[in-house]
Amino acid sequence: MQETIFFILRIIPYLAQGLMITFYVSITSFIIGLAIASILTPLRVFLTPSLSLIVRSYIEILRGTPLLVQLFIIYFGLPSLGVKFDPLTAGIIALSLNSSAYQAEILRASIKAIPESQYYSAEALGMSTIQVYRYVILPQALRAAIPALVNELVTLVKESSLVSIIGVAELTRRGEYVVAYTFRALEAYLAVAILYFIVCMIMSQVSKILERKFRIPGYERGVF
Amino acid sequence: MEVLVVQKLIAGYHKTPVLRGISLRVNKGERVVLMGPSGSGKSTLLKCIVRLVEPWSGSIIIDGINILDDGIDIKKVRQRVGFVFQSYNLFPHMTVLRNVTLPLEVVKRMDKKKAMERALKVLEIVGMTKFKDKYPLELSGGQQQRVAIARALAIDPVLLLLDEPTSALDPELREEVLETLRDVAKRGISMLIVTHELDFAEDVADRVLFMDHGIIIEEGPPYELFYNPKKDRTRRFLKTIFRRL
């Protein structure tokens, strides 16, 4: 037992380097995904139904196919069209696109959750559409989106383990290396799992802090 | 001199007409109360007056401007008409003070200092100065509605539209809002008020309009309409209200 603990402690510094890459991949993908989602969402909210169909299809296709398959298409498939990426870039592209679809859904749902009365009230004051969104709708919608966005980031941290398959030396991949050298699969993968778990716990704590910080005073009494 | 003239207004939702030819006028400084059973189109009428609901046909003239004309910037019209909603509709993520200064700064383009002065002045009128740093959801419904009245007054409107300002409130909170509205009425501002508060209407209204099924079926001074209604429909409606009292 003691030996097991020592073994895990010994491999953690090595795994931690992989954790940094996991962080890098998931946070970069989250930010790029958020940027794409921020472009898609207004298109979806404001465009005519026929034009927003394009945006909707993009979202549905990315949400309706496995991330692993998307990753394979980008890493193994695109080279036959002459487009070639290194594993890290391919991984980030796949995760970013995939996440953008989910984040676009989160943003749209948060905007839709703001009651119509808020639009009426802002418009009745003479605000332009841009002002209505800037001062009234978005500040409330983004607050409402915080828990779901953090949840999406946690999901990305876990799903980024898929990029190990194309050879990115992130946390899971490094776990595999340890197993290959030591044949101690249980301990190695347990250590990997513990690291993922700690990171995800920290993130959900951060989410709670953010929620508290951006809480609307009096909101828990409920009104909408 | 009229501040509001509505003629042959027809409007509705989707294909269903709600207003079926409304004509009414509000003179400068006049306070007009609009009554009628639910579904008669009172809220729709108020929303049409600032084009929150798009009218199908007819004309709406506010302070000499036909707001249904092509090329009218409706935002400019709305800046001169105050609107108080049944459910207050304050912005929950802003303090009371910010709720009032925001439209002054971004719509009326006042500088921060002037907006602040103006906001404090109207909050004083509704007696909410000491709550200026609270957030709307920390307040009672009656207090929120008083802030909403201040927000509507802040823009110095030529006309104040109030859509059942007390009907979402508990009975004990109604009185404070009605008291505030009595004070506001004394300031000589033109008001069109949808309400079923008979005592209040009798105190404040110069004229009462009774509406049913999208048309105005009777109008007159409050005591005449309340105690001696000419139309059977009005009498039946008033009976239901009196019974509730």
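Visitor: Which strands does helix α5 of chain B lie across?
Guide: Helix α5 of chain B, residues 141-154, lies across β6 and β7 of that chain. The helix runs at about 170° to β6(B). Keep in mind that this is a predicted model.

Visitor: OK, and how do β6(B) and β7(B) pair, parallel or antiparallel?
Guide: They pair in the parallel sense, over four bridges. For one example, B:F83 has B:L161 in β7(B) as its bridge partner.

Visitor: What does B:L161 stand opposite in β8(B)?
Guide: That would be B:L192. Strand β7 of chain B covers residues 159-163, and four bridges join it to β8(B), with the two running parallel.

Visitor: Which helix goes with β7(B) and β8(B) in a β-α-β unit?
Guide: Helix α6 of chain B, residues 171-186. Together, β7(B), that helix and β8(B) make a right-handed β-α-β unit.

Visitor: What about strand β3 of chain B, how many bridges join it to β8(B)?
Guide: Four bridges, and again the strands run parallel. β3 of chain B takes in residues 31-35. Within this pair, B:L34 has B:V194 as its bridge partner.

Visitor: So what's the order of strands in the whole sheet?
Guide: In chain B the order is β6-β7-β8-β3-β9-β10, six strands in an open sheet with mixed pairing.

Visitor: Which strands stand at the edges?
Guide: β6 (81-84) and β10 (215-220) of chain B. Each has a single partner strand, so one side of each is left without a neighbour in the sheet.

Visitor: And by how much are neighbouring strands turned against each other?
Guide: By 20° on average, ignoring direction.

Visitor: Nice. New topic: where is B:F200?
Guide: B:F200 is in helix α7 of chain B, which covers residues 198-204.

Visitor: Is it buried or exposed?
Guide: B:F200 counts as buried, because it has 23 C-beta neighbours inside 10 Å, and the cut-off for buried is 20 or more.

Visitor: Which residues does B:F200 touch?
Guide: Leaving out residues up to four places away in sequence, B:F200 touches B:L178 and B:T195. As for B:V33, it is 167 residues from B:F200 in sequence, and their C-alpha atoms are 9.7 Å apart in space.

Visitor: Let's jump to chain A. How many helices and strands are there?
Guide: Chain A has eight helices and zero strands. Its C-alpha trace spans about 70 × 50 × 20 Å along the principal axes. Of its 224 residues, 33% count as buried.

Visitor: How many residues of chain A are in contact with chain B?
Guide: 22 residues of chain A are in contact with 19 residues of chain B. The elements of chain A that give two or more residues to that side are α5 (116-124) and α6 (129-159).

Visitor: What classes of residue are on that side of chain A?
Guide: Eleven nonpolar, eight polar and three charged residues make up the side of chain A that touches chain B.

Terms used: Residues numbered from 1 in each chain as written. Chains lettered and ligands numbered in written order. Predicted model: local features only at pLDDT ≥ 70, side-chain atom pairs only at ≥ 80, totals over all residues. Buried ≥ 20, exposed ≤ 12 C-beta atoms within 10 Å, placed from the backbone. Contact = placed C-beta atoms within 7 Å. Nonpolar A, V, L, I, M, F, W, Y, C, P; charged D, E, K, R; others polar. Pairing = 2+ DSSP bridges. Right-handed = clockwise from strand over helix to strand, strands pointing away. Axes fitted to C-alpha atoms, helices over the stretch in contact; angles between N-to-C directions.
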